[in-house]
Each structure stands twice: as C-alpha cells, then as structure tokens.
Amino acid sequence: MLDLIKQRFHKLVPSVDFCSLRYVAQHSENLTVRQDIAQPPLYHDDEGVMITVIHKGGLGYAATSDLSETGLRQAIIKATQWTQLNQPNQLIDFSKLTLPHQQGEYASVVRKPWNSLSNQAKFDLLYQESAQCHPNHKIIDWQTALLSIQTEQFYLTNQGGEIQQTHHYLLPYIKVVANQYVNTQIRTLGGHGYGRQGGLEILDEIGFFGKGQQLAEEALQLLAAPNCPTHRMDLVLAPDQMILQIHESIGHPLELDRILGDERNYAGTSFVTVDMFGHYQYGSNLLNVTYDPTLPEQLASYGFDDDGLPAEKVYLIRQGILITPLGGHLSQARARLAGVANARATNWNRPPIDRMANLNVEPGHTRFEEIIHTIERGIFMKSNSSWSIDDSRNKFQFGCEWGQLIENGELTQVVKNPNYRGISATFWRNLNQVGNRETFEVLGVPNCGKGEPNQGIMVGHASPVCAFTQVDVFGGS
Amino acid sequence: MQDYFYTLADFISSQLRKDEIYLCEFSGEQSDFIRFNRGKIRQPGSVEQYYLELDLIRGNRHAIGKLTLSSQLRLDQDRIVTLLSQLRDQLPHLPADPYLLYATEVQSTESIGRNDLPETSIILADIIDTVQHTDFVGIYASGSSFTGFANSFGQRNWHSRYSFNLDWSLYYKKDKAVKTAYAGFNWEKIQLQNKFSNALTQLEVLKYQPRVIKPGQYRVYLAPTALYEILQLLCWNGFGLKAQQTKETPLLRMLAEPKQTFHSSVTLCENTADGLSPIFQNQGFVKPNQVTLIQQGAFHAALVSPRSAKEYGITTNGANDEESPTSLDLAAGDFPSLNIVETLDTGIYINNLWYLNYSDRAAGRITGMTRFATFWVEQGEIIAPLNVMRFDETVYSLLGSQLIALTAEREFIIRTDTYEKRSDHSSRLPGALIAAVSFTL
C-alpha cells in the first residue's frame, strides 16, 4: 500500500509551498467476557489519508477514505481550495513556517504478538480471570476484556519527507461491581490505565492474572467500609491516580495551543501564560516532569509526531520550575518558545493539534513504606473514579475507587468514596515526598478528549507514588 | 449514498450462505470544519468518511466487523468479501450468545433530508463579516450525514441530513466570555447577527469587576444550556436498563426503597419523534415516538436495548447499545423566563456548566464548574460576573427538594460533539430556578 500511495502522491503533488500526505491504517480487535459469557468479538479495520496544503500563507486540509488516484486528487484540490478561501482572514501566516521534511521509521517492540494466540485461547484467558471475579452474590456484575490496536502510518511531504511508523497496543481491562442496597462499589484495573505498547507479554508485565480475584476482594471490602472522612490531611496517591492528577493539572495547562487560545471554546484555556516559562514555581523542588517518548512500552512513544518532527525526551518542569510547554512545531513558532514533538492527530480524519504524549513524573528516592511511615494522619488513594477541573485547569476535584487511612505511620481503615479537591497552582507546591523507582508505574489514558473537531487520543503517563501535605479530603453522602 | 449503501446491502445478501443472517449499519458524512480564534480562521478543512458495520450471525453465534468504505464499488465489495470471510472463520470458535436479539419483522423506513445549505464560502464570508475585530473563537461544522440499516430479511432504513452547527464563544479577557451556538438546516445571516449582537450585550456585563464568593449555599438559576450539562451527565448510565440492573446507575436511590424522587414538575422522556437522530438502531428495531423515563418526578421506565431485553426478560424499546438518550426532552414548567432575574432576587445566574462528574455516583451526587457567562445577581439585578466556582450537590436536591420552578420556555439544543463523527443528538429543555446549591471551591 505504501508504494502505491507514494507513487500516486508524487504524481499528483501540486505546485504549492508545502504538501503532505498522512496515511493511517488501524486494525483493532475487542474481546470481552461479561459475567463469564463471551460477548460478540468486535473487529475494526479503518484506513484513510489526510492531505495538508500550505500555499501563499494559507493552510487547508482534506481527509478521505478514497485512496484511488481520483480520491487523492479530489482531496488535494479541496485542501488547496481551503488555502485560497482563508488567505485574507487567517490567524497565522503559514508562509513564515518551515515544516520539517524528515525521513525515518519507528516500530513498537512486541515480544508476544497478539496473533500468537488464537482468539479462542485469548477468550480462555478472559474466562479464567472472569471466574475469579465473583466470590459471592454481592458481586453483581463483572467483566474482563482485551483490546488490541495495531496502526500503520506513513507521512510523505512534497520535498522528500518520508516517515513510517507502526504501533501495537494492548489495553487490558477488568471491572468488578459489588452492591448491597443503595451502596455500589466498583473496582477496576486502574480504570483503563494499564494500556501499553507491545503484545500479550504485557499481561504478565502488569500482573493481569490474579487481578480479578484481588479486585473482587477489594470491592467487597469497600462495600463494608465507612465513608471517607472529611478532613484536611496528607494525601498519598498511587500511580493509577497520579496519572489523572498529572494529566489534568500539569498536562492540559501546559498545552501551548490552549495557552494561545485555540481551545477556549471547548477544552478551555490555561492558568499558565507564555511569560511563565523559565521561572514559574509550578511545584516543590521534588517535582520533575518530562515529555518522554523513549519508554518503548508507553502508549505515546513514537519516533516523529504527525507534523514530522523528531521526538526526544525533554524536561518540562525541573526541580519545580516550569521550563518547556507542550507545543509542536506550529505552536512553537507562534509563541516563540521551544517545545516538543507533540502535534498529534487521533486518526486520518482529524488534523494534528498539540497533545500530551508521554508526560511523566520522574521517580525520586523514597520507598513506599517510608512515605507511609512519616505520615501521622493521612489517606492513601488509588484508581481514579471521577475527574473534574475548571477550564483554566486550576480548581480540581478527583475521586478514587479505593481509600485507606494512614494513622501514626500505618495504613489502617479502608474507606469508600474517597475524594479530594484543590487548586493546581498551589497543589504541586505541597508535593513533599516522591516515591522511588520501585513505586514507579508506566500507565496511560486511552481517551483524552480535546480539539475542534473533537479528537480522543491515547496518552502515556508514568509516575511513582507521591505524597502531598494538607489536602481537603472528603467522602460520599 | 443511499443507493450506494443499498447496492452494498444487496451484495452482502448475495454473499451469504443459506444458514447465515446479517445486520449492517452504514454511517458516513461529508463535513467542512473551520476553526476560529481571535475572529480569524485558525484551521479549515474537509473530511469525507464512510463506515460499514456488519454483524454476521449463524444460529446464536455471531461476530461483528467494521470497515472503512472507499466509495469505490469494486474495492468496497472486495473489502466486504474479506470481512465476511474473517467473521465466518471466527464463528465455529465462538460460543452461542444467549443475549443475541435482532429484529426479524421488516420495518423499512426512509427520512431524506433536503440540502438547503449554501456554499461554505458564503457562510464563511457571513461569519467573518459579523465577527471581525472581536475575540471570537470556536468551530463551524457542516455538511451531509447519513445513517443506514439493512439486514438479510430485506429491511432497509435510511436517514440523511444536511446541517450546520456554529459553536462559538465571544471573549472579553482571560476566562470571561459568552458562549452561544447557532445550528440548524437553513443558514440565515440575520440570525447569526442577532445572536452575535445578544452576545455583545452580555459581554458588556463581563467587563465589570468580577465578584468572588465564599463556599456555601446560594440560590441559583440554571439556564437551559447549564441544565443541559447536568442532564447529559445523567445520560451516562442514568436511564439504561443494564445500569439499573447492575446498580451502577446514578439514580439508584430512585429505584430502591425508600424511593427518592425529583420535583413533581420533572418529566423526562426520550422524544425520538421530535429529535434529530435516526428512528432505527443497529439491530433493526424502530424506536417508539416517545419513551417516558421520569414522570412527575418518579422513575417511570428505562431505555432497553435488544441485548438487555434478552438478558433481563423485558421488551426492547429500540434503545441503542449504550442505552443513553439521543433526543432528551424535559417538560416545560410554568414559570416565565422573562421574570427570572427578578425572582432569583439574590443569587447566581449560570449560563454554562462545565466538566461535570460524580462525587458519589450511587448517591446521585455530582460536581462541576461554572463556566463562561455566570453572573452575581442582587435584588433582581445582574451586578457582576462571577469568577468560576465548583458546585457539589445531589440531583435529588437540584431537581428535587430545592427545585423551585422550571421555566415555561424551552430551548432546543443540538449537541456539538464531533468525536469520530458529527453528533445527531439533541435536547429540548427549560431553565431551572433552585433554592439552594452547595458551592465548595
């Protein structure tokens, strides 16, 4: 397919300042067992291209699933027409932008391919785990699932740019629902946070087998637990809640297109402004945050972003000081700031915009037991269940599936419906302990929503366990 | 595209073996998307996409495949042959599905929209002419959208529309803005100008020194666009049979003794007849005109997908797989909107809410933020814009014990979502005057 489309593109490419073709083919398979019954498997094959044209300062795109020469020609004509239509009233003079024309490749590391097991064998794994999810009648619903996604992308430009990237993802999922009267408690495998790049080896790496029983037992413990108390106390977050905390209150505020106002009608703006980079105290000096595309198993590791910019690890926050925004090639030029390779599109039918990719909190040196041991009164929370934050990404409130009180340096009472709230601009300054590499987990968010037209995309987050002082904590009704 | 889809459906029929059945859904659109920022064009483009979802059934075994259509007949037929072969190969290895249910009685329908949209270049000129030199930001999305259904019993359904949705905000500075939408099927520049003029008027109030309030309880008016966000959150597992049976519904306390209720003025229904979504769904069932979900404040009925119908032994009412409303309708109250600021007296006038979620789902307790034009009102007069505040309250309070009145006038809100495709969901609802809402941060 690559050769055919490449041949057609180079035959049709118009005489314009810039033209690119981005091809995306995606194959996914979704296998689910609910209440020990296999659900019908879902297979999805999707393919199409996006043509982007820049000419005389204007930009336009056209996406089509018609990959014939006629289809590509029509898309090029449409994209070119857009450049003419918007020239007098465009926000950005694209004639001043020099887009990259890189060549290169990237491929996920896969040790145990999805197809190395038959679907029947994969269903058997899900049955096996499902059977462990319901030790008694208080567990009223449960499911186990595997979603495999394989994508092939290539990016061609009118000046010889040629990038080919292949990704394999596996997103395992377990959910257990316990109920008694009007009390329902849900435990999941870190929400949908355990997706990674790779193959079936991921199941062993994340400890998938045996998790069903553990989650069921925890759901039953929550069912019998009191509500989380209302109090200002120290808060310790497990990596599968840290990912939401990072995502919402560091990732989104640092997106440069938000700071430049593009997202104000939908995803929102940011309390961060362009002049803060280089000196703003975002968090305590224990806070080190990176854009890191180099961890092969993480969801958003890649060689190049969707504007063809090479990806490399960059510190966004170092020792608490804000340094670099999450802005791709275009946003960097608009804001006159250095950024990262994060212009990403969710598929062939959506244009690249600034996105989080892998956004990680770097590990510190403290063991989990030491963190707990130093806290007189606090709470340990894990697995996000609720997320809400204002449009400037400042006032937040998050809820977790699991809470456990910390009293005099010991983990004690399990509590249900734990929530906490705070303000991004001050919350990270109360970071007082960062877990070591043993507490560090590579996770992600598979459905980050943003953009007009809307795009849901996979982003990676890795984090150690972290502790924060003096946080407003509360429980359910 | 209707003929093209029906040609493909006939082709699928010709490829089946004698003991096989198929269900298939077609969805497609030809869309223009123009992003704006600071009154100028930020990112314009077009998307043309067509998808076919095919459920191949033999006995009670079935597998589902979805593929992109190229709109080149020969190529798409080849893709369908390949997909059928892949699905067919899977069937012997799959267990029977005890909850498989599909329509066997043929109910073909056709609803063909008329294309009254002018050229996008004309609309773009109207927009630029109206908004230039202002801090206007948002998106114009328009074009055709198509949904079809076919099965091997000969049922054929088609639904097409040609619509536009201009979803925009007018900014003063920082987060102070007025949000508006202009959506429909017939573009009129004068309508845009009127809406823009109203937004400019509201923007003047946003220039006042913003008011900061302390956490606590306040009297509130929720405009229809704000109430819409609360009801959209409830649509997440609130009205489906499966969520009720698995006790994941946020309305759990409405179903268990002693039953909690909403205010008697709250009657909610899935009003397919007056909505924009297709009247058929992807197992071939045709939806009733209305399904009453909440009647006079009490639970009345759930949305029941074919799968849940089979699992829980209840008749389906043609709900989609997610069992969420697509055309939600909240009955009007009897309070005239014209008097709302005066009756609010002292409190908060909220035009928009944002990023709602559950702080205790089983208890129906929700949290979220105010956004855009939210005003502090004193003695029946709008005094100042309010800086964003977080609320945290149960729906039994918001729509129940603390609800004073629903307005007599309602707004028809067309959903602006464009995740994967342009949404065809809509809601019709009034505003709500509420005696006390808890604000926490």
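The dialogue below takes up chain B and then the cores.

Tutor: This is a predicted model, in which local features need pLDDT of at least 70, side-chain atom pairs count only at pLDDT 80 or more, and totals for chains, interfaces and linings use all residues. Residues are numbered from 1 along each chain as its sequence is written, chains are lettered from A and ligands numbered from 1 in the order in which they are written, and side-chain values use heavy atoms, without hydrogens and water.

Student: What radius of gyration does chain B have, and what would a compact globule have?

Tutor: The radius is taken over C-alpha atoms, and the globule rule is 2.2 Å times the number of residues to the power 0.38. For 441 residues the rule gives a value near 22 Å, and the 24 Å of chain B agrees with that. Its C-alpha trace spans about 75 × 60 × 30 Å along the principal axes.

Student: Which residues touch the most other members of the largest nonpolar core?

Tutor: In soluble globular proteins, nonpolar side chains tend to be buried together. A nonpolar core is a set of buried Ala, Val, Leu, Ile, Met, Phe, Trp, Tyr and Cys residues joined through side-chain atoms within 4.5 Å. Here the largest has 158 residues, and A:Y282, A:Y291, A:Y420, B:F36 and B:I127 touch the most other members. A second, separate core has 47 residues, among them B:L251 and B:L429.

Student: Which residues does B:F36 contact beyond its neighbours within four places in sequence?

Tutor: Contact means heavy atoms within 4.5 Å. The partners of B:F36 include B:I41, B:L124, B:I127, B:F136 and B:L166.

How values were computed:
Buried means under 20% relative accessible area, exposed over 50%, partly exposed in between (1.4 Å probe, protein chains only).
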